[in-house]
Amino acid sequence: MPITRQMPKATDLREVLSFKKPDLNLRRRRLDAALTIDDLRTIARRRTPRAAFDYTDGAADAEISLSRARQAFRDVEFHPSILRDVSHVDTSTTVFGGPSALPFGIAPTGFTRLMQTEGEYAGSASAGAAGIPFCLSTLGTTSIEDVKATNPTGRNWFQLYVMRDRDISFGLVERAAKAGFDTLLFTVDTPVAGARLRDKRNGFSIPPQLTASTIANAIPRPWWWWDFLTTAKLEFASLSSTGGTVGELLNSAMDPSISFEDLDVIREIWPGKLVVKGVQSVADSARLAELGVDGIILSNHGGRQLDRAPIPFHLLPQVVREVGSEFEVAVDTGIMHGADIVASIAMGASFTLVGRAYLYGLMAGGRAGVDRMIDILREEIVRTMQLLQVNSLSELTPEHVTQLTRFAPLQSGARTFTPR
């Protein structure tokens, strides 16, 4: 039958053609256009001076640990069920003695207000509004008390480094307890600073130092410098003096003699949940479970310490088998999508933490950018669970996931050649 044509009427055009009203709020417009964490990263890179962005984006040495961690999540294969009603999905969970509306929290990040001036204020406020935990770093740029004031009814955690001056560390523990923080993340993977080569090449220092290069890089980003120069001076919870690269500051503050004796002391003075962060082996996981800590976080510090370190996501099922499902095991490093979080829960993780994803959102748009980051991950988690056809996190099992073996060792723990 031949197709007949006619000139469209004005009323017909109005029905099929409509023009979207432009949003004059530039921040909201750019954040609404961000559909993934990678999109937020692109915006963050455009809006942030290179040295500050690279501090967030970079890792140690050749950055192999970070790239492997992200690749491990990309190599996941999911196995969905069928014909199940998933019109309602419950993303809530309980972790370290308290609730969380989502299976992830905001990881501790140092020097955060250098990334964007709202810093921990934005992070803790967004976390509180979303009903997820926020963790303040020892090297955070907002005080313990101000985080509590910003997020008075939410779950606040504190991440502890053991400093050369033990009184500083113990004093921070006591302040966090007094402020009502409910969980302490005792970090054990930073006896010295990793080789943050991007920072050295960029001359990144605390506070930022002006050079011809930094001035040239700042010209197209005047808003960052305006925010930095017109807001309150950075406050560090543990550094009484600054001046130098991040690595130099860490090495001057951290104590390479950290030991299990320090863990014993912290247990005596901390009244809340005690979690050890930075665990990277099955044997250490088992020992900590036997010692009675409340949980561990499998982490290689986002690839920022030892390059070529174990991949936490790959280590996860081995650790869970060793310590048992009743012992809480969280995981971080490399998480850039809600599906990464779902895969982690399916493989036995109690919880996950996101650091770079949070900072990309912060740099992209302050508090609104962190809100957008949480919304993106929430949407991805819900959609992935619906497509797997599960209604709750408790329904996720290892049967839903295959970890593909791109990084399988030739022969674990053994020599791979025959001597003559």
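Reader: Start with P133. Where is the place of P133 in the chain?

Author: P133 sits in a loop, the one between α7 (119–130) and β5 (134–136). Keep in mind that this is a predicted model.

Reader: Buried or exposed, P133?

Author: P133 is buried, and its relative accessible area is 1%. The cut-off for buried is under 20%.

Reader: Which residues does P133 touch?

Author: Leaving out residues up to four places away in sequence, P133 touches S100, F104, G105, I106, A127, R155, W157 and F351.

Reader: And how far apart are the C-alpha atoms of P133 and L102?

Author: They are separated by 9.3 Å. Along the chain, P133 and L102 are 31 residues apart.

Reader: Another loop. Where does I258 lie?

Author: I258 lies between α13 (246–253) and α14 (260–269). I258 is partly exposed, at 24% relative accessible area.

Reader: What does I258 touch?

Author: V162, R166, F186, T187 and P191, again not counting residues up to four places away in sequence. Take P191: it is 67 residues from I258 along the chain, yet their C-alpha atoms are separated by 6.8 Å.

Reader: Zoom out. How many helices and strands does the chain have?

Author: The chain has 18 helices and 12 strands. The radius of gyration is 23 Å, close to the 22 Å that the globule rule gives for 420 residues, so the chain is as compact as a globular protein of that length.

Reader: What does the C-alpha trace span along its principal axes?

Author: About 85 × 60 × 55 Å.

Reader: What percentage of the residues is buried?

Author: Buried residues account for 53% of the 420. As for surface, the chain exposes about 20,200 Å², with carbon and sulfur atoms supplying 54% of that.

Reader: What about contacts between residues at least 6 apart in sequence? How many join residues at least 24 apart?

Author: 77% of those contacts do.

Reader: Charges. How far apart are the mean positions of the positive and negative ones?

Author: They are 8 Å apart. The chain has 46 positive and 47 negative charges.

Reader: On to the core. Which residues touch the most other members of the largest nonpolar core?

Author: I296 and M373, in a core of 96 residues. Helix α18 (residues 356–388) gives this core its largest share, 15 residues.

Reader: Which residues does I296 touch?

Author: Beyond four places in sequence, I296 touches V275, V276, V279, S285, L288, V319, F327, E328, V329 and A330. There is also a second, separate core of 11 residues, including V275, I297, A330 and L353.

Reader: Now backbone. What is phi of T333?

Author: Near 90°, a positive value in a residue that is not glycine. Most residues other than glycine have a negative phi.

Reader: Where does T333 lie, and is it buried or exposed?

Author: T333 lies in the loop between β10 (328–331) and α17 (338–346). At 6% relative accessibility, T333 is buried.

Reader: And D61? What is its phi?

Author: Phi of D61 is near 50°, again positive in a residue other than glycine. D61 is in the loop between α4 (50–57) and α5 (64–74). With 37% relative accessibility, D61 is partly exposed.

Reader: Next, T230. Where is it?

Author: T230 is in helix α12 (residues 222–230). T230 is partly exposed, with a relative accessible area of 42%.

Reader: How far apart in space are T230 and V162?

Author: They are 33 Å apart, C-alpha to C-alpha. In sequence, T230 and V162 are 68 residues apart.

Reader: Last one, Q6. What's its place, and is it buried or exposed?

Author: Q6 is in the segment before α1 (10–16). Q6 is exposed, at 69% relative accessibility.

Reader: And how far apart are Q6 and S344 in space?

Author: 57 Å, C-alpha to C-alpha. The two are 338 residues apart in sequence.

How values were computed:
Residues are numbered from 1 along each chain as its sequence is written. This is a predicted model: local features need pLDDT of at least 70, side-chain atom pairs count only at pLDDT 80 or more; totals for chains, interfaces and linings use all residues. Side-chain values use heavy atoms; hydrogens and water are left out. Helices (H or I, at least four residues) and strands (E, at least two) are DSSP runs, numbered from the N terminus. The radius of gyration is taken over C-alpha atoms; the globule rule is 2.2 Å times the number of residues to the power 0.38. Buried means under 20% relative accessible area, exposed over 50%, partly exposed in between (1.4 Å probe, protein chains only). Contact means heavy atoms within 4.5 Å. Accessible areas come from the Shrake-Rupley method with a 1.4 Å probe; for residues, only the protein chains shown count as cover. Lys and Arg count as positive and Asp and Glu as negative; His and the chain ends are not counted. The place of a charge is taken as NZ of Lys, CZ of Arg, CG of Asp or CD of Glu. A nonpolar core is a set of buried Ala, Val, Leu, Ile, Met, Phe, Trp, Tyr and Cys residues joined through side-chain atoms within 4.5 Å.
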